[in-house]
Amino acid sequence: MKSGKAADDGNVGKARPSTDHLSEPNLKDPHVILSLLEADQTVAAKQRMRFGRRNLSFGAKALLWGLRVYVVAMLVLVVISVVRAIHSVP
Amino acid sequence: MNSANKEMVESAFGTARPTTDAAAASPLANNLADLLTHEDVDRARDRWRVTRARGGQARAAGLGKLPLFWLLVGPGVLVFLGENDAPSMLSYSATGSRFGVGFFIPFVIFTFLMGLVVQEMTVRLGAVTHRGHAELIFDRFGRFWGLFSIGDLILGNFLTLVTEFIGIRAGLGFFGVRPVIAVAIGLAVVFVAITTGRYWTWERITLALAIFNGLFVPAALLARPHWQAVGHALWSWMPLPHGSGSEILLLLLANIGATVTPWMIFFQQSAVVDKGIQPRDISAGRLDTLVGAVLAAAFGIAAILATVPLFHHGIDASRFEAAQFAEALEPWIGHAGAALFALGIFESGIVAAIAISTSSAYAFGEVLRTGHSLNRPVREAWPFYSILLGSACAAAALVLIPHAPLVFIVLIVNVIAVLAMPPALAFLLLLVNDRDVMGEHVNRAWENVTGVTVTVLLICAGIGFGLATVFPHWLAP
C-alpha cells in the first residue's frame, strides 16, 4: 500500500542538482536515473510495492453487481437486435 | 532523490553515493544498475527533458511553455483522435447524410465534453499511481472483478479492431487497392510503430499519423456547408431529428460510443504511465486531453458536414460502408474531396488500430505482471509485443475471410462500447475517490457529480436501446 504519496510529490523535482545544469544527463549513473523518477516509478519499485485490496462496502458491491447484470442483459439484447437487423436485409 | 528510491539505493549498497563517472562505473553501482531496466533509463531521459523545459531556458528563448507542452502532449490527443476511428467516422457520416445540420452538431460536442470529464480522471490516476488501469482494478478490487473488467475490454477491443481494418480496407479500396494489400499496409504501419523500442518515438509517429484525421476538414469545406445553419444548430440544437425513433436512438448511441469507450480509459492511463507523467504534470495532461477533445470534436463535426450533401439530395446512406460514402459524395464534393474522405477513413482506421492493439497489450501485460512498456525492447517484453501484434493480425485476418460477418460487427461495435461503459466508469470513479490510492488528488465534489451524470446518461441510453429492442413498435414512426 502506498502512503504519504502526496507528501513525496513536493520533493520531486526540487532535489535535482545532478541533472539541471548538464546539457545531457549521465544516464549510466543509476543515481541520476533515480533522481529523475518518482518514488514508485521504477519497474523494480512497482514490482515490490503493490496496492492492497480495498474493502468494498455493501453499496459498492451492489453497484458493481447491478452493472454486471446490466451489461449481460444488454449484450443479449444486442444479439437479438443484430439478428433482427440481419434478417431484415433484403 | 525521493525516499523510496533512496531506500532502494541504500538497500542495494549502503548509503555511499557515487558522484563521479568513475564511481558510477564501480561494482557497487553495477549492483544498483541491475535493479534498473531499459524502460527506467528511457523514462528518466524523457523526465530529464521535461525538467530542462521547466528550467526556464525555453522561456528565456521566448517560447513560453510551448516546449514543455510539446514534451507532455501525447496520450490525450492520441486517445481522442484514436477514438475518431473508422466506425466513429462512419457513424458521423451516417448522421450527416440522414439528418443534415441540426441537433447532432451540438450533440457531438456534448459527447466530447463527457469524454473529457472521463479522460481527465485517467490522467490523474496514471500520474499519481504510475499504474495502468487494469493493474489498479486487479490490485484494489481483486481477481474476480478484474477478470470481468478485462473481459469487457478485450471483447470490445477485438471487435473494434476488426472494424478498424474494415475501415483501412474500405478507405484504400476507393483507390483500387486490393483488400489483402490494404490490410498488409495497415499491419506494416502497426509493426513499424511498435518496433522503435521507445515510447516517445512510437507516440510521435502515431501523433503524426493522427493529425491526418483533419482530412475531413477540407472534405467538409468542399461540401460548402451552410455556416448560418451550423451556427443556428450550435446555439439552438435545432432542427431536431425526425423519422424512425429506433434509428435516431441507434445513431444517438453510435455517436456516444464514438466518444466514450472503455478502451480509452485503459489506453490513456497506461500511456500516461508509460510516458512517465508525474503529478506535477497533471495540468499539462489536462491541456493535452482538452486539445485532443477539441480536435476530435472538430474533425467529427467535419465528417458530418462533409456528408450533408447526401441528406440534401435524399440519398439513402443507411447501409453505406466507408468507401461507398466517398463514392456517393464524389458528384458533390468532387474527386479530390471524395479522395480526402476515403484517406480520412483509412487514417482513422490505422491510428485506432495502433492505439487499440496497444491498449489490449498494456492491459494484458499489467494483468499478467510481465513487461508492458513501449520503452522495452522486444526481447524483454515479448508477451506484450506478441499480444499487440497478434491482436492486430487476428483482426486483419478476420477482415479477409470471405463471408465473415463484418456487417454484424460494424453494427454492434459502438453499441457494445456504450453498454460496457457504465461498469468501466464505476471502477474509474471508485478508484479516483480512493484516498489510499490518490492522496490529495481524489475527485472533488463537482467532478463526482459530472462523472456520475455521465454514467447515468450512458445507462439511460442503454436502457432506451433495450426497450426499443424488446418493444420494437414503441419507437416506430
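Analyst: Buried means under 20% relative accessible area, exposed over 50%, and partly exposed in between (1.4 Å probe, protein chains only). By that rule, buried residues make up 46% of the 90 residues in chain A. This is a predicted model: local features need pLDDT of at least 70, side-chain atom pairs count only at pLDDT 80 or more, and totals for chains, interfaces and linings use all residues. Residues are numbered from 1 along each chain as its sequence is written, chains are lettered from A and ligands numbered from 1 in the order written, and side-chain values use heavy atoms, without hydrogens or water.

User: What makes up the secondary structure of chain A?

Analyst: Chain A has 5 helices and 0 strands. Along the sequence the pattern is α-α-α-α-α. Both kinds of element are DSSP runs numbered from the N terminus: H or I with at least four residues for helices, E with at least two for strands.

User: Why is the pair of B:Phe110 and B:Trp237 called edge-to-face?

Analyst: The search of the whole structure finds 24 aromatic pairs over all chains. Rings of Phe, Tyr and Trp (its six-membered ring) pair if their centres lie within 6.5 Å; planes under 30 degrees apart are stacked, over 60 edge-to-face, the rest tilted. The centres of B:Phe110 and B:Trp237 are 6.3 Å apart and the planes stand at 65°, so the pair is edge-to-face.

User: How do you know that this pair links distant parts of the chain?

Analyst: The two residues are 127 residues apart. B:Phe110 is in helix α9 (residues 104–129) of chain B, and B:Trp237 is in the loop between α14 (227–236) and α15 (245–257) of chain B. B:Phe110 has a relative accessible area of 32%, so it is partly exposed. B:Trp237 also counts as partly exposed, at 32%.

User: What makes B:Trp263 and B:Phe267 an aromatic pair?

Analyst: Their ring centres are 5.8 Å apart, and 65° between the planes makes the pair edge-to-face. Both residues lie in helix α16 (residues 262–275) of chain B, 4 residues apart, about one turn of the helix. B:Trp263 and B:Phe267 are buried. Elsewhere, ring pairs join A:Trp65, B:Phe141, B:Phe144, B:Trp145, B:Phe148 and B:Phe427 into a cluster.

User: How do you know that B:Arg204 lies over the face of B:Trp70?

Analyst: A charge sits over a ring if NZ of Lys or CZ of Arg is within 6 Å of the ring centre and within 35 degrees of the ring normal. B:Arg204 is placed over the face of B:Trp70 at 4.3 Å from the ring centre. B:Arg49 lies over the face of B:Trp200 at 5.6 Å.

User: Why is the contact of B:Arg376 with B:Glu39 called a salt bridge?

Analyst: A salt bridge needs a side-chain nitrogen of Lys or Arg within 4 Å of a carboxyl oxygen of Asp or Glu. Here the closest N and O atoms are 2.7 Å apart. B:Arg376 lies in the loop between α19 (322–368) and α20 (382–400) of chain B and B:Glu39 in helix α4 (residues 38–54) of chain B, so the bridge ties together parts 337 residues apart in sequence. B:Arg376 is buried, at 10%, and B:Glu39 is buried, at 6%.

User: What makes the pair of B:Asp46 and B:Arg198 tie parts of the chain together?

Analyst: Their side chains meet in a salt bridge of 2.7 Å, N to O. B:Asp46 lies in helix α4 of chain B and B:Arg198 in the loop between α11 (179–194) and α12 (199–210) of chain B, so parts 152 residues apart in sequence are tied together. B:Asp46 counts as buried at 8%, and B:Arg198 counts as buried at 11%.

User: Are B:Arg444 and B:Glu447 buried or partly exposed?

Analyst: B:Arg444 is partly exposed, at 45%. B:Glu447 is buried, at 5%. Their side chains form a salt bridge of 3.1 Å, N to O.

User: Which residues are linked in a network of salt bridges?

Analyst: The network links A:Asp40, A:Arg50, B:Arg131, B:Glu135, B:Asp139 and B:Arg369. Over all chains, the search finds 25 salt bridges.
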